[in-house]
Each structure stands twice: as structure tokens, then as C-alpha cells.
Amino acid sequence: MGTKLRSLAEVNRLIHEPSRSVILAVLFAVESADFLYLQRETGLTKGNLSVHLSRLEEAGYISIEKTYRGKIPLTLCRMTEEGREAFKDYRKQLQQFVEQTTLNRRRQ
Amino acid sequence: MNHDLKEPGLRAARYWYVDGTFELAFGGLCLLLAVYFYAQASLADSWMAGLLSGLLVLVLIGGGYLVNRLTRALKERLTYPRTGFVSYQREPGKRRGLRIVVTFAASALSAGLLVLFVAGRPNGFELMPGVTGLIFGAVIALIGYRTALPRFYPLAALSLVFGAGLSVSGLSEGLELAAFYGALSLVLFTFGGVTLWRYLRHNPAPAEAPDGH
């Protein structure tokens with residue numbers, strides 16, 4: 001197995017979970033988003049989304065701010081710098097893996 | 001669930017235009033311009049004409065900001081409580097500052113040239129609605145292309161048709177621009193209103209707090 005292929009085995013497993021990678025992909029594209037927007041974009045249930053957001057917050061990849069917009073409660077999520085870097089690395093690893101496998105297929 | 005890593009960015013950009021509030025705000029600006037050009041045509045020989053020219057510079061420079069603020073205000077009341085709040089990424093400090101300066105300078109320059117052009121009424125002034133229609137049409141079509149929202153294409157086409165039609169209409173000087181902006185604002189209000197109505201129908205206001213906060 002090549003070094004680049006081997007790097008997939010060392011991929012960030014916290015991000016690699018499908019629901020969390022989708023949450024991070026959404027947050028990576030914006031400055032911040034609230035719970036409702038994330039729920040609609042990811043298609044996750046409230047409970048599931050809450051659990052994944054907590055995991056990402058514990059890892060320091062996102063920050064969660066509970067606030068109010070007028071009288072309406074608002075849970076605002078944003079990606080931290082650490083989270084952005086980790087997600088960039090994750091994307092790079094995936095890209096390398098895809099490139100490597102495409103190259104191997106062409107050689108066959 | 002969507003696993004495409006590029007799509008969330010496109011969807012976030014599209015979210016700004018998805019509910020019709022942008023057209024309503026943009027229509028408001030066009031209505032303001034229609035009233036302005038009508039007033040200028042009516043008061044052409046009065047001392048107020050100079051004052052109005054100054055106002056046009058302010059409206060053109062602040063137009064983008066005004067549309068942005070109005071769209072945001074409408075979204076805060078109508079869109080965000082229904083489908084969620086999102087704030088867009090800002091460019092890093094230096095690049096953002098440079099963009100603001102360049103945008104301000106370009107707006108001031110084009111506004112100044114437009115005021116001189118409108119005041120001077122040189123030969124070919126009757127083509128002004130056609131040129132305006134072409135510029136607006138191109139901008140609206142670009143928005144449609146970038147957001148993949150097809151409703152912007154007929155809007156762009158109507159802008160071209162209004163501009164071309166009014167260029168050859170033979171309306172009295174100054175009124176052709178008032179008619180162009182008036183017609184465009186009417187179409188924008190109609191498109192925006194219908195889109196917003198459909199959006200509100202498909203996304204009723206939540207009965208409970210969206211996140212059980």
C-alpha cells in the first residue's frame with residue numbers, strides 16, 4: 001500500500017463519520033449558522049444533530065453560542081480555526097486517496 | 001443527506017435569493033429611482049434639479065448597501081425564523097477594506113458620470129434606457145447563473161425588453177428612465193411577491209422553538 005493510500009487509514013475519524021462531515025462541510029462554507037439551518041441542510045433529526053454538535057464542540061472544532069434573537073432562542077454554531085484546519089486536512093487526505101485510486105485504475 | 005463538499009457553499013449563497021426578499025428590496029430601490037427620474041423630468045428648469053442630481057449620487061453609491069440592509073431586515077422577520085439563520089463568510093480585513101474602497105470609488109465615479117450625462121442630455125441620450133436595461137439584465141442573469149435559480153432569467157429578459165422598448169418609444173426626455181425603473185420595479189415586486197408567497201406557504205412558521213433551547 002502506497003504512503004498516500006495508507007494516509008486514509010490515518011484519516012480523522014471524528015470528521016470521517018458521515019453526519020459530522022456533512023455538518024462541518026456546511027459550517028465550512030459559512031461564517032455561522034443556527035441549529036434550524038443545520039438541521040435542514042443535513043437532514044438530521046434534532047437529537048442526532050445535538051449529539052454530533054456536542055462531539056464536535058468537545059473536539060474544539062466548532063463553538064456553540066446559545067443566545068436570543070428577540071424572544072426566540074437561537075443556537076449559533078461556528079467553526080473554530082482548529083476545526084477549519086482539521087477539515088482542510090481531511091479534505092486533502094480524501095482528495096489524495098481519490099487521486100491515487102484513479103491513478104492505480106488507469107495503470108491496470 | 002448531501003455528501004458533496006462544494007454544494008453547501010453554493011446552497012448558502014443561493015439561500016440569500018431563494019425567498020424573493022432580494023427582488024422586493026431591489027424593486028424598492030428601482031421604485032426610488034423611478035420617482036427620482038420622474039421628479040427630475042418634472043423639475044428640470046427648477047433650482048431643485050441640482051439638488052436632485054446630488055441625491056442621485058447618494059442613491060447610487062448607497063444603493064447596494066440599502067438593498068442589502070432591506071433584504072436582511074426582511075429575512076430576519078420572515079426567513080430566518082422558518083428555515084434558519086446563516087451568516088456569510090467575510091473576506092480577511094485587508095482584502096475587505098480594499099474591496100470596499102474600490103466599490104465606493106467605482107460607484108462614485110459612475111454616479112458622477114451618470115449625473116453629468118443626464119444633466120447634459122447629449123446626442124444618443126434616448127438610448128439610455130436600452131443601455132441601462134442591458135446592464136441590469138446582465139447583472140440579473142449573472143445572479144440566476146451563479147445561484148442556479150431560473151426565475152432570474154425571465155427577469156433579465158424583461159429588463160432588456162423594457163430598455164429596448166423605451167429607447168424607441170419616443171417618450172419625452174427624462175421620462176423614459178422613470179418609466180424603465182417604474183416598470184422594472186413592478187416586475188421585481190411581482191416576482192419577489194409571488195416567490196415570497198410560495199416560500200411562506202411551503203415553510204410555515206414553527207410553533208415551538210426550533211432547537212428546544
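## Exercises: where chains A and B touch

The contact between the chains takes 24 residues from chain A and 22 residues from chain B; two residues are in contact if their C-beta atoms, placed from the backbone, lie within 7 Å. This is a predicted model, in which local features need pLDDT of at least 70 and side-chain atom pairs count only at pLDDT 80 or more, while totals for chains, interfaces and linings use all residues. Residues are numbered from 1 along each chain as its sequence is written, and chains are lettered from A and ligands numbered from 1 in the order in which they are written.

**Exercise 1.** Find which element of chain A gives the most to the side that touches chain B.

*Solution.* Start with the elements that each supply at least two residues: helix 3 (18-29), strand 1 (32-34), helix 4 (35-42) and strand 3 (72-79) of chain A. Helices (H or I, at least four residues) and strands (E, at least two) are DSSP runs, numbered from the N terminus. Helix 4 of chain A then comes out on top, with 6 residues.

**Exercise 2.** Work out how strand 1 of chain A runs against strand 1 of chain B.

*Solution.* First, locate strand 1 of chain B at residues 86-87. Next, look for bridges: 2 of them join this strand to strand 1 of chain A, and the two run antiparallel. Strands pair if DSSP finds at least two bridges between them. Finally, spot A:Ser32, which stands opposite B:Ser87.

**Exercise 3.** Describe the order of elements in chain B.

*Solution.* Count first: chain B has 8 helices and 1 strand. Then read from the N terminus: α-α-α-α-β-α-α-α-α.
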